[in-house]
Amino acid sequence: MIAACALAAFVAGTVADVRSERLLWPPPSKFRCALCVEVLRIGASLGGVEGACEGFFDGDARMDCHAEYAAVFGRLATAADVGAVEAACASGGFCEPITAPVEALKTAAAPDVRVVKGFGTKPYDNVRVSVIAPASAPAATLNGAAFDYHGAFQYKWTGNAISSSMVKATDGEVLDINGASLKVTLPRQGDGVAGVLIADPCVASASVTSRVGCLFAKKFQTEARTPALLNLFGGDAETAFWGVLGDNWYDQTGETTASVFAKLSLELKAKLMLTVAGNHDYWIVAPPGTSADQFGNGHMQWYAQDAKAAEGLLPEGANGTAPFDYSVDPSRGHWLFGGNLPQINNGFYYNQIGNLGFIGFSGAYTYAETLPLLKEACAWAGEEASIKVLLLVGHWDVKGMGATKEMDVPGLYDGVKALPGCAAFEAKKTLKFVMGHTHCNVPHPHGHVDTGFMVAGQGMEGCGNYGVPVVDSTAGRFRIHYFPVVARNGTDTYDEVTSCVAAKGWRGCLSMAETWLDQKI
């Protein structure tokens, strides 16, 4: 056990990070399970929950935490493994009981593929194709040959491995991935396109402990419905891309993500995918986090975006080079509390799909760190005449939980709109942003009428709505269609919506959608 004075100094040092968020008591109900697991796990190393509580709370709240978790901590006979900690938290009513063990990720019949657009400075026809598999599985093959890069995940989610290559592709081209046929979707540069964007999706499962409570998981049936909706709308012939804008399945360990992706179709995965990290992709509760957090490392490797870190990797000459910057060890200089974020170049990208430009960024970094990349992205977009609408895609809609006001999406938009290149889109009212964080599906958040859109009503507490947003830049217009699945008043139209889309495609069912925006471009 660490002496009291040494413990206080240790904890004070670990929570001095500029991103630290001290929790109030009582904490949000969604943190009940995650806090229990973290407090007991750390308490087992410290010899009691007092020091663990000090890492999250100040003053009286720290004492409340101690009182809350001391009894359940007493059920741990030793410095137990994660399974024993989760069982103790379940027995204390803090977590959903695990009724079936989590199985190790197995090699699926179809490869677990990611197809993402090449970084903006690369030729338009460049896409990154990756396969995620268990680290024990043989390296994947692309058209019968080895991928440019194959390696185990580093630092976090290390039971996985990635095989990845840059590919010069054409629309409709069929690639052979481990013997399976993958038909690439690559719209012609400058053509109108459509895609599905959601944020903050959550599930609850008897075989996977979701450490951040998914309030509407059972009511909305998100475990079955969210993958089914993505497969249906994203796999539609009219859809070119899909994306998840942070807090992706609220996953610390990778188990929940693997469970969800096992339900996603190869037809969906063959579409261009984009993502950004949210606060829970760095810290399962709040910054500065604990040693069990992924600090964005699992996220960046699982989704394999072709970010700034991979800018120099082209279809030729990239053999053996990882598409990530692994130079930052998240645990360096930390023991139980806190951790280091990956280099910013792993989470910043800009690219083009059809006539849409995208700038993807993380609010977890400072504005000073991000500004040079933003200037570069805006200058790139301003020079490409075939981009008709420029979309900022991020996670945070408000400051806090790791983001400053300058780095939440509306705040960043207010800074970016004056930058050379982006200012030209702003002048034409074609600079837009899409985000998550506050758990609602709504247009015009925070007064940004016809400019900002929130797509985070996917099961967490909040507005209590659930549905599918579709971005559409075809026919000389920029439109955002929203297909409600569960309305705020509880009206559930899942069966009607999915029956229509399955029969007619989503474009044939627009009478069931709300129009958030319809603008000539």
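Predicted model: local features only at pLDDT ≥ 70, side-chain atom pairs only at ≥ 80, totals over all residues.

**Disulfides**

Let's start with the cysteines. How many disulfides does a search of the whole structure find? The count comes to 7. Three of them are set out here, with the distance between sulfur atoms and the torsion about the S-S bond.

| Pair | S to S distance | Torsion about S-S | Handedness |
|---|---|---|---|
| C33 and C95 | 2.0 Å | 95° | right-handed |
| C202 and C214 | 1.9 Å | about 65° | right-handed |
| C378 and C422 | 1.9 Å | -85° | left-handed |

Take the C33 and C95 disulfide to begin with, its sulfurs 2.0 Å apart. C33 sits in helix α2, while C95 is in the loop between α5 (82-91) and β1 (112-117), so the bond ties together parts that lie 62 residues apart in sequence. Are these two cysteines buried or exposed? C33 has a relative accessible area of 6%, so it is buried. C95, at 8% relative accessibility, counts as buried too.

Next comes the bond between C202 and C214, with sulfur atoms 1.9 Å apart. C202 and C214 are 12 residues apart, and each lies in the loop between β9 (194-198) and α6 (217-220). Both cysteines are buried.

The C378 and C422 disulfide has an S to S distance of 1.9 Å. This pair links helix α12, which holds C378, with helix α14 (residues 422-427), which holds C422; the two cysteines are 44 residues apart. C378 is buried, and C422 is as well.

**Nonpolar cores**

Now for the inside of the protein. The largest nonpolar core has 86 residues. Which residues have the most contacts inside it? They are V129, I177, L182, F241, L356, I359 and V416. Helix α12 (residues 367-382) gives this core its largest share, 8 residues.

The peptide bond leading from W25 to P26 is cis, with omega near -5°. P26 is in the loop between α1 (4-14) and α2 (32-46), and α2 is the helix that carries C33. The other cis bond runs from P287 to P288, and its omega is near 15°. P288 falls in the loop between α10 (279-282) and α11 (297-303).

Two residues have a positive phi without being glycine. N178 has phi near 55° and lies in the loop between β7 (174-177) and β8 (180-183). Its relative accessible area is 44%, so N178 is partly exposed. D450 has a phi of about 60° and is found in the loop between β16 (441-443) and β17 (452-455). D450 is partly exposed as well, with a relative accessible area of 34%.

Terms used:
Residues numbered from 1 in each chain as written. Heavy atoms only, no water. Helix = DSSP H or I, 4+ residues; strand = E, 2+ residues; numbered from the N terminus. Buried < 20%, exposed > 50% of the residue type's maximum accessible area, 1.4 Å probe, protein only. Core = buried A, V, L, I, M, F, W, Y, C linked by side-chain atoms within 4.5 Å. Disulfide = S-S within 2.5 Å.
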